[in-house]
Amino acid sequence: KITLCFDLDKDADGNPSADKRFRALRRSLHSIFDIMPDFNEVYVALFPTPSDPDEFIRSQGPEAFRRLIANAQPWHKFLSDYLSK
């Protein structure tokens, strides 16, 4: 199982841009599928606020990060939800 947690640059209002989020997801999925074609084992976890894993664990603690990972969406659901917005 692979869970993607994106460390995204923030735009002027402090949020990751939708375009950067989509490009990061696409690049990550292409790289993973090149080495692991089992699409059912790839998930995406989103931080509640722009962050990266290190910042999130330092501010929220390791248990909060475990919950975030446990609630990760399958990549295809994440992508479908993202594209429908």
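Trainee: Which residue in β3 is the bridge partner of Val44?

Mentor: Strands of a sheet pair through backbone hydrogen bonds, either parallel or antiparallel. Here, Val44 has Gln73 in β3 as its bridge partner. Strand β2 (residues 42-45) and β3 run antiparallel and are joined by two bridges; two strands pair if DSSP finds at least two bridges between them. Please note that this is a predicted model, in which local features need pLDDT of at least 70, side-chain atom pairs count only at pLDDT 80 or more, and totals for chains, interfaces and linings use all residues. Residues are numbered from 1 along each chain as its sequence is written, and side-chain values use heavy atoms, with hydrogens and water left out.

Trainee: What is the order of the strands in the sheet?

Mentor: The open sheet has the order β1-β2-β3, with mixed pairing. β1 (2-5) and β3 (73-74) stand at the edges with a single partner strand each, so one side of each has no neighbour in the sheet. Strands (E, at least two residues) and helices (H or I, at least four) are DSSP runs, numbered from the N terminus.

Trainee: Which pattern does the chain follow along the sequence?

Mentor: The pattern is β-α-β-α-α-β-α, with four helices and three strands.

Trainee: Which residues of α2 meet α3?

Mentor: Contact means heavy atoms within 4.5 Å. Pro53, Phe56, Ile57 and Gln60 in α2 meet Pro62, Ala64 and Phe65 in α3.

Trainee: What share of the chain is buried?

Mentor: Buried means under 20% relative accessible area, with a 1.4 Å probe and protein chains only. Of the 85 residues, 33% count as buried.

Terms used:
Buried < 20%, exposed > 50% of the residue type's maximum accessible area, 1.4 Å probe, protein only.
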